[in-house]
Amino acid sequence: MIKINSLHDLHDETILEELISGGETSTLEFKRDIININNAAKLMSSFANTDGGIILFGIDDNGIIRGINNPEQFKEFVQNTFIKATPEISGYSSGIVLLKEKSLGCILIWPQRGFPVAVNGQYFRRVGHQTVAFGVEEFKKVIQERDEPTSLFLSQAELQNFLELADEDTFIEILLV
């Protein structure tokens, strides 16, 4: 299993190829090109409401790398998509990565803490590699199971471990950005 900590990890073609070769999962979704903003928002909220995940644009469902048609429009697409989510998705990173000289749009989403994320008043989650809506009873369950952070601080050991293991780019992306 490949662990992706940041968008920086996906700039490594070996890691990206290995990730794609495993196919779509509950935490990985392929899209051929930039999709309808509402559908993208539902997909993003489903990742936020479950275990987080990665959306790679420019890859067919069968893993064939095509690239996206308009990489320069990807940033605007992401911004317009995140506007649809309520409350705002708090943990994500997005950008363009290159694989075999083709541009792939990438969105990483971490699990949301606290209130689940809705799109147009509906809540979504991942079941296998599907995005499904959920209702009031499951909404209550999600709220009860969510862990709120008890502290905004890292322990000294956690910080020391991070500083020893992080490369410069990861350090900048996580701590300074």
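How many bridges join strand S3 to strand S6, and in which sense do the two strands run? Two bridges connect S3 with S6 (residues 118–119), and the two strands run antiparallel. The legends below place this pairing among other details of the structure.

The structure is a predicted model, in which local features need pLDDT of at least 70 and side-chain atom pairs count only at pLDDT 80 or more, while totals for chains, interfaces and linings use all residues. Residues are numbered from 1 along each chain as its sequence is written, and side-chain values use heavy atoms, with hydrogens and water left out.

**View 1. The open sheet of S3, S6, S7 and S8.** Four strands make up an open sheet in the order S3-S6-S7-S8, with antiparallel pairing. Its edge strands are S3 (85–86) and S8 (130–134), each of which pairs on one side only. Helices (H or I, at least four residues) and strands (E, at least two) are DSSP runs, numbered from the N terminus. Two strands count as paired if DSSP finds at least two bridges between them. Strands of a sheet pair through backbone hydrogen bonds, either parallel or antiparallel.

View 2. Helix H2 lies across S6, S7 (122–127) and S8, and runs at about 65° to S7. For this angle, axes are lines fitted to C-alpha atoms, for helices over the stretch in contact, and angles run from 0 to 180 degrees between N-to-C directions. Ser45 belongs to helix H2 and is buried, with a relative accessible area of 0%. Buried means under 20% relative accessible area, exposed over 50%, and partly exposed in between (1.4 Å probe, protein chains only). Leaving aside neighbours within four places in sequence, Ser45 is in contact (heavy atoms within 4.5 Å) with Ile89, Val117, Val119 and Phe124.

View 3. Ala133 is located in strand S8 and is partly exposed, at a relative accessible area of 46%. Not counting residues up to four places away in sequence, Ala133 touches Gln122, Tyr123 and Phe124. The C-alpha atoms of Ala133 and Tyr123 are separated by 5.5 Å, although the two are 10 residues apart along the chain.

View 4. S1 and S2 pair in the parallel sense over four bridges, and the bridge partner of Leu28 in S2 is Ile54. With S5, strand S2 is joined by five bridges, and these two strands run antiparallel. Here Gly53 has Ile109 in S5 as its bridge partner. S1, H2 and S2 together make a right-handed β-α-β unit. A crossover is right-handed if, with the strands pointing away from the viewer, the path from the first strand over the helix to the second runs clockwise.

View 5. The structure holds five salt bridges, each defined as a side-chain nitrogen of Lys or Arg within 4 Å of a carboxyl oxygen of Asp or Glu. One of them joins the side chains of Arg32 and Asp60, at 3.7 Å from N to O. Arg32 lies in the loop between S1 (28–31) and H2 (37–48), and Asp60 in the loop between S2 (53–57) and H3 (74–82), so the pair ties together parts that are 28 residues apart in sequence. Asp60 also meets Arg66 in a salt bridge, at 2.7 Å from N to O. Asp60 is buried at 16% relative accessibility, whereas Arg32 is partly exposed at 36% and Arg66 is partly exposed at 40%. Salt bridges that share partners also join Glu29, Lys31 and Arg126 into one network.

**View 6. The salt bridge between Glu17 and Lys100.** The closest N and O atoms of Glu17 and Lys100 are 3.9 Å apart in this salt bridge. The pair links distant parts of the chain, 83 residues apart: Glu17 is in helix H1 (residues 13–21), and Lys100 is in the loop between S4 (92–99) and S5 (102–109). Glu17 is partly exposed, with a relative accessible area of 34%, while Lys100 counts as exposed at 51%.
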